[in-house]
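Walk through this fold with me. We start from the sheet and end at a group of aromatic rings.

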Amino acid sequence: MKIYIIINDIYKIYKARKGQIASYICFALIMLVGSIVYEEIIKANDILLASPMYMSNINGILKNLIDRFIPLYNHELLKGKKFYLILTGYATKEANEEEINGIIEYFKGISEWLYIEFEFLDYFKDSNDQDNKDKKIEQIKIIKEKLNR
C-alpha cells in the first residue's frame, strides 16, 4: 500500500514537473526505506549502531538516519530504548581518542532529546594482521557479554 501511494504521488509529480522526476524518485525511495527502518527501531528494545569514522565523525548514512529522528525529539516513542554504538577506523583507538570522545558526547546530547539510553561499546581498528584479528575476537566477546546483561 505504501509503495503504491508513493508511486502514484511520483506519477502526479512527474506529470506536473517532468524535468525533476529523478530527484523525486530518490526522495520517495529514501522516505520509504526510512519509514521501514524507523518502524523497526520503534519496535526494538535495543538498537546496535555501527559506523566507520569518516572525517572525524560518524558516516553520512548514520548521520542522516539520526537527523531524521527530529520528529521524535521530546517524544515518548523511543523512551527507555538502549542505543549502542560501535565505531571502526584506520587509525588506532588512541590516535582517534579525541574524535571518538566527540562522537560519544554527540550521542549523549541527542540521547537527552530522544529519551534514550546510550552506551559506546568499542572502537575497531581496520586491519588484516593476525594480532589485530585476535584482539577483535576478544573485543567482540566483551561486547557480546555487555549486550547479554
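Two strands pair if DSSP finds at least two bridges between them. Helices (H or I, at least four residues) and strands (E, at least two) are DSSP runs, numbered from the N terminus. The model is predicted: local features need pLDDT of at least 70, side-chain atom pairs count only at pLDDT 80 or more, and totals for chains, interfaces and linings use all residues. Residues are numbered from 1 along each chain as its sequence is written, and side-chain values use heavy atoms, with hydrogens and water left out.

Eight bridges join strand 2 (residues 82-89) to strand 3, and the two run parallel.

The open sheet has three strands in the order 1-2-3, with parallel pairing. Strand 1 (46-52) and strand 3 (117-125) are the edges, each pairing on one side only. On average, neighbouring strands are turned by 20° against each other, direction ignored. Axes here are lines fitted to C-alpha atoms, for helices over the stretch in contact; angles run from 0 to 180 degrees between N-to-C directions.

Helix 4 (residues 97-114) packs on the sheet and touches strand 1, strand 2 and strand 3. Contact means heavy atoms within 4.5 Å. The direction of helix 4 makes about 160° with that of strand 3.

Now the rings. Rings of Phe, Tyr and Trp (its six-membered ring) pair if their centres lie within 6.5 Å; planes under 30 degrees apart count as stacked, over 60 as edge-to-face and the rest as tilted. The whole structure holds two aromatic pairs. Tyr 106 and Phe 107 have ring centres 5.4 Å apart and planes at 85°, so this pair is edge-to-face. Phe 107 and Phe 118 are stacked, 5.0 Å centre to centre with 10° between the planes. Phe 107 lies in helix 4 and Phe 118 in strand 3, so the pair ties together parts 11 residues apart in sequence.
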